[in-house]
Amino acid sequence: MRKFILADHVSRNDEYSVCYRQGDVDGACGIYSLLACLDLCGALNSHPSDAIEKFDKRTRLGKALKTLGGNDILFKNGLDLAEIQNFITAGYNKTLATKESEAKGKKVLNFAVENIRQGHPTILGLRNATLDHWVVAAGVELFHDPDDEIITKILLIDPSEEASRLCPWNNYLSIAQPAKGRYPYCLSEGSYVMCEEALAIWPQ
């Protein structure tokens, strides 16, 4: 039997989509994935493009954006995990909790799955020879019977893809039969990647 497990609030249907696409705020994938997690955690009061256009350093989002240079840099240079952590600490240290994966490779996926089971959306870093990309691990697809349970896919909110009208995720990472070599996991469009970093985020 096929089953889905989703992080908290992933299936909600609000007045705006949680899948912010690159171009909505004129920047890179890290900020979009981070904003999607903030939204899922109930930490945004408006669409982020509105909040950034009316940049106010007195708000939580404004204090967080200040660590990245406000809205002047348009987030074109991307973010690393330390910058994502600093962003949350500056604006949301009293409202959000985080946990970083200390592992690499398959253990990063185990970390993401464990946190999804707890309801925590997880920012996931995907890499290959030409790709350096952040997404949100928002759920898992699994098959189970009375004797076994096999996780087949990590369900992703991907800022490089259009939002789906059929389900709350818009991409996935196939993990059931990893390929040999450095990049074992396959995205829906066919490119193979490795998982290097992960950060779970949830409301305190």
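Predicted model: local features only at pLDDT ≥ 70, side-chain atom pairs only at ≥ 80, totals over all residues.
**Overall layout**
- The protein has five helices and eight strands, taken as DSSP runs numbered from the N terminus (helices are H or I with at least four residues, strands are E with at least two).
- Reading from the N terminus, the order of elements is β-α-α-α-α-β-α-β-β-β-β-β-β.
- Of the 204 residues, 47% count as buried, that is, under 20% relative accessible area with a 1.4 Å probe and protein chains only (exposed is over 50%, partly exposed in between).
- Looking at contacts (heavy atoms within 4.5 Å) between residues at least 6 apart in sequence, 59% join residues at least 24 apart.

**Helix 1 against helix 4**
- Helix 1 (residues 29-40) packs on helix 4 (residues 81-92) at an angle of about 40 degrees, and their axes are 11 Å apart; the axes are lines fitted to C-alpha atoms over the stretch in contact, with angles from 0 to 180 degrees between N-to-C directions.
- That makes the pair oblique, the class left after roughly parallel (under 35 degrees), roughly antiparallel (over 145) and roughly perpendicular (65 to 115).
- From helix 1, Ile-31, Leu-34 and Leu-38 meet Ile-84, Phe-87, Ile-88 and Tyr-92 of helix 4.
- The residues of this contact divide into seven nonpolar, no polar and no charged, where nonpolar covers Ala, Val, Leu, Ile, Met, Phe, Trp, Tyr, Cys and Pro, charged covers Asp, Glu, Lys and Arg, and polar covers the others, Gly among them.

**Gln-85**
- Gln-85 also sits in helix 4.
- Leaving aside residues up to four places away in sequence, Gln-85 touches Thr-98, Glu-100 and Leu-199.
- With Thr-98 there is a side-chain to side-chain polar contact of 3.2 Å (a pair of N or O atoms within 3.5 Å; within protein, one must be able to donate a hydrogen and the other to accept it, and residues adjacent in sequence count only if both atoms are side-chain atoms).

**Asn-171**
- Asn-171 lies in strand 6 (residues 171-174) and counts as buried because its relative accessibility is 2%.
- The side chain of Asn-171 makes polar contacts with the side chains of Asp-158 (2.9 Å) and Ser-188 (2.5 Å).

Notes: Residues numbered from 1 in each chain as written. Heavy atoms only, no water.
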